[in-house]
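Please describe the fold, the packing and the local backbone features of the chain shown here.

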Amino acid sequence: YKQATSRQNVTTTDTVTQAIGKMEYKINRAVVIKQLSLPAASWLGSESPYSQTVTGLGTTANSKVDIQMDATALGVIIDSGTSALWIENNNGTLTAKAMGEKPNADMAVQVTITEVTA
């Protein structure tokens, strides 16, 4: 059988092989872990929350992106006076947001991307 090449829903007219391929595609791509760079110079805004566009993660409008920080990234936000860091998804356009003070050093964070349905 051949695995589906895009995120498609199983339909009543699918053969068993087509249905398995579509389900396998969704399972294999349900959760993805990637590294994300957040350069200090890329934060925009004159007051909190600061923002920067995030690209290159292969996300969709249905992607939920969660940040996991190591000790180095946590040190950057603590030393900067940043109180929160998160990523918003606006119809497929990802924006990292920082509340409190603007992060003053480059950071690399791990992100977990989960495809969710409405």
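The report below goes from the overall architecture to single residues.

## Basis of the description

The model is predicted, and local features are therefore described only at pLDDT of at least 70 and side-chain atom pairs only at pLDDT 80 or more, whereas totals for chains, interfaces and linings use all residues. Residues are numbered from 1 along each chain as its sequence is written, and side-chain values use heavy atoms, with hydrogens and water left out.

## Overall architecture

The chain contains two helices and six strands, where helices (H or I, at least four residues) and strands (E, at least two) are DSSP runs numbered from the N terminus. Along the sequence these elements follow the pattern α-β-β-β-α-β-β-β.

Of the 118 residues in the chain, 31% are buried; buried means under 20% relative accessible area, exposed over 50%, and partly exposed in between, with a 1.4 Å probe and protein chains only. The accessible surface comes to about 7200 Å², and carbon and sulfur atoms account for 52% of that surface; the areas come from the Shrake-Rupley method with a 1.4 Å probe, and for residues only the protein chains shown count as cover. Among contacts (heavy atoms within 4.5 Å) between residues at least 6 apart in sequence, 62% join residues at least 24 apart.

## The nonpolar core

The largest nonpolar core has 20 residues, and those with the most contacts inside it are L36, L38, W43, L85, I87, M107 and V111. Such a core is a set of buried Ala, Val, Leu, Ile, Met, Phe, Trp, Tyr and Cys residues joined through side-chain atoms within 4.5 Å. Two or more residues each come from β1 (31-38), β2 (50-54), β3 (63-68), α2, β4, β5 (93-100) and β6, and β6 gives the most, with four residues. In soluble globular proteins, nonpolar side chains tend to be buried together.

L36, located in strand β1, counts as buried at 7% relative accessibility. When residues up to four places away in sequence are not counted, L36 touches V54, L57, I87, M107, A108, V109 and V111.

## Helix α2

Helix α2 spans residues 71-80, and within it A73, V76, I77 and S80 are buried. These residues lie on the same side of α2 because they cover an arc of only 90° around the axis, the arc being that of the directions from the helix axis to the C-beta atoms. An α-helix has 3.6 residues a turn, so residues three or four places apart point the same way. The buried residues of α2 pack against β4 (82-90) and β6 (107-115), while on the other side of the helix A71, I78 and D79 are exposed.

At the start of α2, a side-chain oxygen of D70 reaches to within 3.2 Å of the backbone nitrogen of T72. After the helix comes G81, with a positive phi near 85°.

## Buried polar side chains

S63, in strand β3, is buried with a relative accessible area of 5%. Its side chain makes a polar contact with the side chain of E115 at 2.3 Å; a polar contact is a pair of N or O atoms within 3.5 Å, where within protein one must be able to donate a hydrogen and the other to accept it, and residues adjacent in sequence count only if both atoms are side-chain atoms. The side chain of S63 also reaches the backbone nitrogen of T60 at 2.8 Å.

T82, in strand β4, is buried with a relative accessible area of 8%, and its side chain reaches the backbone oxygen of E101 at 2.7 Å. Leaving aside neighbours within four places in sequence, T82 is in contact with I77, A98, M99, E101, K102 and P103.

Strands β4 and β5 pair in the antiparallel sense over eight bridges, pairing being assigned if DSSP finds at least two bridges between two strands. W86 stands opposite K97 in β5. The two strands form a hairpin with two residues between them, and N91 in the turn has a positive phi of about 55°; N91 counts as exposed at 67% relative accessibility.

A cis peptide bond, with omega about 0°, joins S48 and P49, and P49 lies in the loop between β1 and β2. Most residues other than glycine have a negative phi, and most peptide bonds are trans.
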